[in-house]
Amino acid sequence: MAFTQAVKMHLVFCRSKIPSFQLWSTVIAQRDYHRVLYGRPQNPTSKCCPKIRAMHLTHPLMITKLLSVDEIFARRRLQDYLKNMETEYSNSLKVVNNIEGQQSDELRVKRTRISVIAPLIQYIRELKTKEKEFAETEILLKDDDPDMCKLAVIERETYQKAIHEIRQKILSHLIPEEESDMSDLILEVTAGVGGQEAMLFTAEVFDMYQSFAGHRGWGFDILEYMKSEIGGLRHASASICGPESYKRMKFEAGVHRVQRVPKTEKQGRVHTSTMTVAVLPQPTEISFTINSKDLRIETKRASGAGGQHVNTTDSAVRIVHLPTGVVSECQQDRSQLKNKEKAMTFLRAKLYSIRLEEETSKRYTARKVQIGSKGRSEKIRTYNFPQDRITDHRIGKTVHDVQEFLLGEELLWEMNTTLLDFSNQETLMDILGEND
Amino acid sequence: MWMILRRSLYDFYTHCTPLKDRLILHKGLCTSAGVAECTPSLPTACRLTVQQAVRLWTKHFQLTGVSEPRLSSQYIIAHLLGVKTLESLGPDRLVEFLTHKQMEQTWKLCSRRLNRMPVQYVIEEWDFRDLTLKMRPPVFIPRPETEELVGLVLKDLQVKQGTGVSTEANFTCLEVGCGSGAISLSLLNSLPQLRAIALDKNQDAVDLTIENANSLGLQDRLEVHLMDVLTDADMIVRMCSPVSALVSNPPYLFSEDMTSLEPEVCKFEDHAALDGGSDGMQVIKHILNLAPRLLLNQGRLYLEVDQRHPLVIQQWAKGRESGLQYVQTCHDFTGRPRFCILEKGSGP
C-alpha cells in the first residue's frame, strides 16, 4: 500500500490547514459503480478497494522492486484472479441468457458487469490461444531437420512477443482509472525551511514544472507569483491543463529537499533546504459549483464611488469564500476581470481539494491522527548538488545530472514514469489482494 | 518635514550604492525646488538594474504623493522592457542593468507620471478583458466595471446567436460614446457573427477606436461615426436603426462631483466623457428617449450608470409610455447597483 497512499496523502493534506467543516452535501453514488466495476459492493474497511485505496501511512521503500510483466503473471494470485473473472463472466452470461425479458436491478448490474469484463475476457482468450500455439512449437524444436528448428525458433520469438503484448494489455486493463485522473490541476509551490536559499530553489522547481508542461504540450497559466528579494520565490501557483496532466503531476506533490552550497553562503558549506509542492485536481464547472452569494470579492475599487470617478491600475482581486474562510488572490493581469477569473479558478480548486479531504477522512477516521501529523512533512525527493544526483525516497530511485533534471525534460519524465509504474503495480497488488 | 524626506531619501540611497556619489547634487535639487518638481536627475555616470530603477521611482512617486506609486513604477518599467507586468520577467532579468536608452526612456515616462498623468496614458495602452487597447489623452480610459457591462451584453447576445436570431441580417450592436472602442471591440472579438456601430462626439475618440479596430483586425465588422446623441438624434436613427442591442457607458458623473476628482481623471480625461450634468442624467435621458426608435422588438438597452441612477431610471420607465420596459438592475463586483437593462416591448 505504501507508495500510492503517500502520493494521495500529499495531494490532500498539503492543503488541509482549514479545519473540517460540514458544508458539502455531496452525492456519492458509488455503490453501484463499485458493484459494476469490481463485482462487489464497496467495503469501506477493505484495503483492496481501488476507489479508496488512498489514506494509509507510508513506509518508504516497502516495494523494493518493480516487477516485470512476466513476473507478475507468474504469480498465483493473478492467475486465480483471472480464473475468477472468467467464471464470473460465464456464470453471469448464463443467468442473463436464461431469464429473458425480466427486469430487475440485479440483472441490470449483471449486464453492465458483463460489458465491463467482456474486453478482459477477450484478452484472456487471445492469450490462451497464443500460449497454446507457443507450446506447440516446442515439438518442432525437437525436429531433426535443422531448417525446421530455425523456423521454430523464429516462430517462438513472435509468439513470445505477442504474449507479452497481450499480458501488458491485460494488466493495464486491470488498473482502473481514477475519477480525478482525467481532470486538470492547480500546482502550488511554497518555500519551506532554509530562507532565501529555499526561495531560490522554489523558483527553480517552479521553472522546472513550467518547462515540463511545455515539454509535454500542456497549458501552463500562472495564477500567482510572489517573488522574494533576491530573485527567489516565496509562493506561486499555476493552472496546468492537458491530457494526463493530473495523472502525472500528482506524483510530484510533497516536500522536495535540496542539498547544496547556496549562492548566499560565504564559507562554502552545504545547506539543506526544502520546498513544498501541492497538486490539486481542478474540478469542472459541472462537477463542482459554488454559490456566488457565499463569496466576498475584494478590490481596490471598493472604497469611494467607483465607476467613472476613479482611475486605478491596481487590478488585484481577492475572493473570500465566506462559509469556509478560504481566500484566493490574483494580481497577475492588468485586466481586473482576468484576475477575477483566475482567482475563481484557484478558489474552486482549493475548495474542491478540501471537499476531497473531507470525503477521504470520513472513510479513514481511525487513521486520521497519524496522517495529519506526518503526511505533510513527508519528504519525497532530494536534489543533491555535490553528488549531482536526485533520489526519490518513495521508490528509492536515483538519477544523475541535477541540471538536466531541472530542465524538466526527459529525466523528470523518466522519474515520473517510474513512479507511475510503481503506483500501477501497487494498485494491481491491491486488487489481487497480495498486500493483505 | 524636510528632515523626514531627506532621511528617507538617504535611507534609500544607502541601498543603492552606485548613486550615492550623486547624493549631494540630488539633495540640492530637492531643497531648491518644490516637491512636485523633485525629479531625480538622470544618472549618467552609473547604470541601474531593473529592480533598482523600480525602487527608486517608487520612492519618488511616494514622496511626491502620486497615487499607486509601486504599481506605477512597475508598470512603466515593465512596459519599457516589452512585457506587461514585472512578474512575467524572469528573476535573472530583474537584476540586469538597464541600457542608457532604457534609462532615458524610464526617466522620460516616469516624469510624466510625476505630473499625475494616468499610467495608461504614459504607457499608451491597457488591457480590457481579452484585448490590449491603445490609450491616448484625452480619450476616456475604460474602467474595470465596464468589463462587467460587456459580460452582461455578451451573455444575452450569445443566447441570441445560439437560437438562430443571428441569421438575420441585423445582428448588430450600437454603442453610444465609444471612447477607445473597448465595449464594441470586445463584443466583436467574442461574437464572430456580430456587426457593430460605434458613435462618439469626439474626433480623438473616433480616431482611437478606428486605430484599435485596425490593430485587432476587427475593422471589417465595425462602423465608427462622429455623432452626438444630443444634437444628431434623427440622423442616428436614419443611419443606424434597427439594431439588436444598444450599449453605452455614458458620462454619468454629477457636475458637482467633478471638482472632487483625482488629478489623473480631472487633468487628463475628456470632461465630456465624464460630466453628465447636474443630475448625471443628461446623456442618459437622450439615450433612453432614442432607444425605442433604434432597437428591434425585444432588443435591449444596456447602460452603465452611477449608483444613484437605477432607481430614477426605473421610475422613468414606469411613469410613461416610453416603449421601454425595465428589466433589471445589475450590481458590479463591489456590490454597487451599476448597470441597467431595459427592453423594447413588442407593442407598436
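The model is predicted, so local features need pLDDT of at least 70 and side-chain atom pairs count only at pLDDT 80 or more, while totals for chains, interfaces and linings use all residues. Residues are numbered from 1 along each chain as its sequence is written, chains are lettered from A and ligands numbered from 1 in the order in which they are written, and side-chain values use heavy atoms, with hydrogens and water left out.

Chain A comes to 12 helices and 11 strands, and chain B to 14 helices and nine strands; helices (H or I, at least four residues) and strands (E, at least two) are DSSP runs numbered from the N terminus. Of the 436 residues of chain A, 51% count as buried, and of the 348 residues of chain B, 54% do. Here buried means under 20% relative accessible area, exposed over 50% and partly exposed in between, with a 1.4 Å probe and protein chains only. For chain B, residues 24 or more positions apart account for 67% of the contacts with a separation of 6 or more.

A nonpolar core is a set of buried Ala, Val, Leu, Ile, Met, Phe, Trp, Tyr and Cys residues joined through side-chain atoms within 4.5 Å. The largest has 64 residues, of which V50(B), L187(B), L194(B), L222(B) and V247(B) touch the most other members. Domain 1 (2-115) and domain 2 (138-344) of chain B both contribute residues, so this core lies between them; the domain bounds come from an automatic or database assignment. A second, separate core of 40 residues includes M249(A), F405(A), L406(A) and M415(A).

Also in chain B, helix α4 (residues 69-80) packs against helix α6 (residues 100-114) at an angle of about 140°, with axes 10 Å apart. Axes are lines fitted to C-alpha atoms, for helices over the stretch in contact, and angles run from 0 to 180 degrees between N-to-C directions. Residues making the contact include I76(B) and L80(B) of α4(B), and T106(B) and L109(B) of α6(B).

E68(B) is found in the loop between α3 (50-63) and α4 of chain B. Leaving aside neighbours within four places in sequence, E68(B) is in contact with T312(A), T313(A) and D314(A).

Terms used
Contact = heavy atoms within 4.5 Å.
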